[in-house]
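Reader: Can you walk me through this structure? I would like the overall layout, a couple of helix contacts and a few individual residues.

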Amino acid sequence: MTQVLIADDSQPLRSALCKLIEEHPGWVCSEAVNGGDAITMVQKRAPDILILGLCMPSMNGLQAARTISKLLPSLPILLYTTDLPPSLVSMAQRCGIQGTVSKFDSVQLLSGIEALLRHQTFFCRN
């Protein structure tokens, strides 16, 4: 089973993404409510991939990615956000994120997960 962890402050979004992800054979999903919670969950659950929202209270996705990349450098991280200007994509890469996907394209989300699980990068831009 492939363990996917989603960290986003929107409960409806997390639920919808988990439902979409769990339609993929062999994928199971768990949820974190913000960046700090994501750090705790990756240490407890050791997921195969982390999907991070950008704008979250307490600790945003980039801050969480910096910390998680130091703790678990081999964990693939996919940033999932509404706006992906080149400057954000560059910052994400510097924080240890291996992929970016727009929240407006669920097909790309699944493709991004698959790419990162194959140890490839996957950077979409708006």
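**Working through the model**

Author: At 0% relative accessibility, I77 counts as buried. This is a predicted model.

Reader: Where is I77 found?

Author: I77 is in strand β4, which covers residues 77-81.

Reader: What is I77 in contact with, leaving aside its neighbours within four places in sequence?

Author: The contacts are L50, L52, A65, I68, S69, G96, I97, Q98, G99 and L116.

Reader: And how far apart are I77 and D105?

Author: In sequence, 28 residues separate I77 from D105, and in space they are 17 Å apart, C-alpha to C-alpha.

Reader: T81 next. Buried or exposed?

Author: Buried, because its relative accessibility is 6%, under the 20% cut-off. T81 is also found in strand β4. Leaving aside neighbours within four places in sequence, T81 touches L54, L88, V101, S102 and K103.

Reader: Let's zoom out. How many helices and strands are in the protein chain?

Author: The protein chain has five helices and six strands. Their order from the N terminus is β-α-β-α-β-α-β-α-β-α-β. The radius of gyration is 13 Å, close to the 14 Å that the globule rule gives for 126 residues, so the chain is as compact as a globular protein of that length.

Reader: What does the C-alpha trace span along its principal axes?

Author: About 35 × 30 × 30 Å.

Reader: What share of the residues is buried?

Author: Of the 126 residues in the protein chain, 46% are buried. As for contacts between residues at least 6 apart in sequence, 59% of them join residues at least 24 apart.

Reader: On to helix packing. At what angle do α2 and α3 pack?

Author: The angle is about 15°, and the axes are 9 Å apart. Helix α2 is residues 35-45 and helix α3 is residues 61-71. That angle is under 35 degrees, so α2 is roughly parallel to α3. Their crossing is right-handed.

Reader: Which residues of α2 and α3 meet?

Author: From α2 there are G35, A38, I39, V42 and Q43, and they meet A64, T67, I68 and L71 in α3. The residues of this contact divide into six nonpolar, three polar and no charged. I68 is also one of the residues in contact with I77.

Reader: What about α1 and α5, how do their axes cross?

Author: The axes of α1 (residues 11-22) and α5 (residues 106-117) cross at roughly 60° and come within 11 Å. The two helices are therefore oblique to each other. This crossing is right-handed.

Reader: Which residues make the contact?

Author: L17, L20 and I21 come from α1, while S106, L109, L110 and I113 come from α5. By type, the contact of α1 with α5 has six nonpolar residues, one polar and no charged.

Reader: Stay on I21. Buried or exposed?

Author: I21 counts as buried, at 0% relative accessibility. I21 sits in helix α1.

Reader: What else is I21 in contact with, besides I113?

Author: Neighbours within four places aside, I21 is also in contact with V4, I6, W27, C29 and I51.

Reader: And how far is I21 from Q43 in space?

Author: They are 21 Å apart, C-alpha to C-alpha, with a sequence separation of 22 residues. Q43 belongs to the α2 side of the contact with α3.

Key: Residues numbered from 1 in each chain as written. Predicted model: local features only at pLDDT ≥ 70, side-chain atom pairs only at ≥ 80, totals over all residues. Heavy atoms only, no water. Axes fitted to C-alpha atoms, helices over the stretch in contact; angles between N-to-C directions. Helix = DSSP H or I, 4+ residues; strand = E, 2+ residues; numbered from the N terminus. Parallel < 35°, antiparallel > 145°, perpendicular 65-115°, else oblique. Left-handed = near helix turned anticlockwise from the far one by under 90°. Contact = heavy atoms within 4.5 Å. Nonpolar A, V, L, I, M, F, W, Y, C, P; charged D, E, K, R; others polar. Buried < 20%, exposed > 50% of the residue type's maximum accessible area, 1.4 Å probe, protein only. Rg over C-alpha atoms; globule rule 2.2 N^0.38 Å.
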